[in-house]
Amino acid sequence: MSNIKPLLYYCYDAYCGWCYGFSPVIRKIYEHYQDKLDFDVLSGGMIIGDQPLHISALAPMIQEAYKTVESYTGVTFGSDYLWHIMNPEESDWYPFSEKPAIALCIFKEYHPDRSIEFAVDLQIALNYEGRDLCDNEAYRHLLDKYEIPHEPFYQKLKTEAYREKAYYEFALIKQLQITGFPSVIVQVSESKFHLIGRGYTDFSTLAGRIDQLLEDMKRIK
């Protein structure tokens, strides 16, 4: 990797509330360091299993946690999302990390350099706009935004090949020993990775770590 830019991996999950809180930070990092770093997003598989759980299993925890995320990060959870959290007995949501992870894998084939943007948009779709990411229709507006043809996207969304790509990312997250989201890793060589962010990290702190890492790399060269 000596002749190419270091690669920043944003390790997240579409259903991670703290990742939503981190979205403005990672988007700013992406905008600020595009000339110095390459970027990729890995889905973490935070909510997977044989049987998706109804939102009522998670709602009590989220009812308190979302306020902490808002006060700490400055993001706002939308009323359409919060309706499902506050009225879980009336909701038809079964949160499951698989489909948004598959969608991200498909997206990266069309726009490999814009995965940060798409991941942020997925989190806005869920946490602010209240779209069900397990519903195929939740992605349609983003296909238009990124000029992705609808029919091929939806065909790929239901194939085993792209499901395997998503589960490969889940496995890679474990291999990288990521145990919480959001996390940020920078790969500087074939086998050398630096964990520069674990949990919510503000922009100035993360940018300082990136600057230091880039400076260290210059000295090594």
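Predicted model: local features only at pLDDT ≥ 70, side-chain atom pairs only at ≥ 80, totals over all residues.
A pair of aromatic rings is described by two things: the distance of the centres and the angle of the planes. The ring centres of Tyr 10 and Tyr 12 lie 5.4 Å apart. Their planes stand at 35 degrees, so the pair is tilted. Stacked would need planes under 30 degrees apart, and edge-to-face needs over 60.

Tyr 20 and Phe 77 give an edge-to-face pair. Here the centres are 4.9 Å apart, with 65 degrees between the planes. This pair links distant parts of the chain. Tyr 20 sits in helix H1, which covers residues 17-33. Phe 77 sits in the loop between helix H2 (59-73) and helix H3 (79-86). The two residues are 57 residues apart. Is Tyr 20 buried or exposed? Tyr 20 is buried, because its relative accessible area is 6%. Phe 77 counts as buried too, at 6% relative accessibility.

Step back to the whole structure. How many aromatic pairs does a search of it find? The search finds 17. Tyr 10 and Tyr 12 also belong to one aromatic cluster, together with Trp 18, Phe 22, Tyr 72 and Tyr 200.

Next, turn to two helices. Helix H4 spans residues 98-110, and helix H5 spans residues 115-127. Their axes come within 10 Å and cross at roughly 150 degrees. That angle makes H4 roughly antiparallel to H5, because angles over 145 degrees count that way. The crossing of H4 past H5 is right-handed.

Which residues meet there? From H4 come Pro 100, Ala 103, Leu 104, Phe 107 and Lys 108. From H5 come Ser 115, Phe 118 and Leu 122. The residues of this contact divide into 6 nonpolar, 1 polar and 1 charged.

Two of the H4 residues, Leu 104 and Lys 108, lead on to Glu 169, which is in contact with both. Where is Glu 169? Its place is in helix H8, residues 160-175. Glu 169 is buried, because its relative accessible area is 6%. Leaving aside neighbours within four places in sequence, Glu 169 is also in contact with Val 41, Leu 42, Ser 43 and Cys 105.

Definitions and conventions
Residues numbered from 1 in each chain as written. Heavy atoms only, no water. Axes fitted to C-alpha atoms, helices over the stretch in contact; angles between N-to-C directions. Helix = DSSP H or I, 4+ residues; strand = E, 2+ residues; numbered from the N terminus. Parallel < 35°, antiparallel > 145°, perpendicular 65-115°, else oblique. Left-handed = near helix turned anticlockwise from the far one by under 90°. Contact = heavy atoms within 4.5 Å. Nonpolar A, V, L, I, M, F, W, Y, C, P; charged D, E, K, R; others polar. Phe/Tyr/Trp six-rings, centres within 6.5 Å; stacked < 30°, edge-to-face > 60°. Buried < 20%, exposed > 50% of the residue type's maximum accessible area, 1.4 Å probe, protein only.
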